[in-house]
Amino acid sequence: MPKPLIYTGGLAATNAYLVNLGDHRIAIDAPEGFLDFLKEEKIKPDSLLLTHGHWDHIWDAADLADWAGCPVYYHPDTAFLCLQPDSMLGFGLPQRLRPVPATQLLEESGPIPASWGNARLLLVPGHCPGSLCLYLPGPGQLYGGDVLFAEGVGRWDLPGGDRAQLLSGIRKKILTLPGRTIVYPGHGPATTVAHEKSSNPFLEKEV
Ligand SMILES: [Zn+2]
Ligand SMILES: [Zn+2]
């Protein structure tokens, strides 16, 4: 499986990804400028997955879904942010955004769209309630949102954040994946599970 197409943009330099599953393309997150990027590339995604509802990840989501005519997916626990983005004006959101209704809410162990094949969803809250990671076991790729970064982890000081929950979720659900799994995070460069296991300062000791 080829590498995903990567877009980085917006005030928080947020990563969005376009994953090509062969006959189905999943866009992961929608920072500012991602829609223009897709228009230039002339690629309409078939699905939009929002890893979580923080403003830097949903900025273009409503417009992108309208333009592509594609369904939008996220976890129920992050729906309040997606449906009431103005609630984030108190923490970093510089202007009003369009609410993003879900076509279907996805749970960790519930059904996923059939066209996503053997993909799996991991629920790893602690940075934000309802943070989902998309794991593709075949190519060994994890699209993690703001959960795990290269030698870092997501911040836990925003509303609904919880450090212990975040770190234990990463240990239980991500560090147990095969070491060669490539982690594509919401910010910064890609990394691997093996590298984070050995070199991530936040994960050295049990909390
Ligand atoms: Zn976030
Ligand atoms: Zn972010």
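**Exercise 1.** Why does C128 count as buried?

*Solution.* Start with the model: it is predicted, so local features need pLDDT of at least 70, side-chain atom pairs count only at pLDDT 80 or more, and totals for chains, interfaces and linings use all residues. Residues are numbered from 1 along each chain as its sequence is written, while chains are lettered from A and ligands numbered from 1 in the order in which they are written. Next, the cut-offs: buried means 20 or more other C-beta atoms within 10 Å of the residue's own, exposed means 12 or fewer, partly exposed lies in between, and C-beta atoms are placed from the backbone. C128 has 29 C-beta neighbours inside 10 Å, so C128 counts as buried. Its place is the loop between strand 7 and strand 8 (132–136). Strands (E, at least two residues) and helices (H or I, at least four) are DSSP runs, numbered from the N terminus.

**Exercise 2.** Find the strand order of the open sheet that five strands form.

*Solution.* The order is 7-8-9-12-13, with mixed pairing. Two strands pair if DSSP finds at least two bridges between them. Strand 7 (120–123) and strand 13 (191–192) are the edges, each pairing on one side only. Inspect strand 9 (residues 141–145) and strand 12 (residues 182–185): they pair in the parallel sense over four bridges. Y143 has Y184 in strand 12 as its bridge partner.

**Exercise 3.** Which residues of helix 1 (residues 34–41) are buried?

*Solution.* They are F34, L35 and L38. Just after helix 1, K42 takes a positive phi of about 55°.
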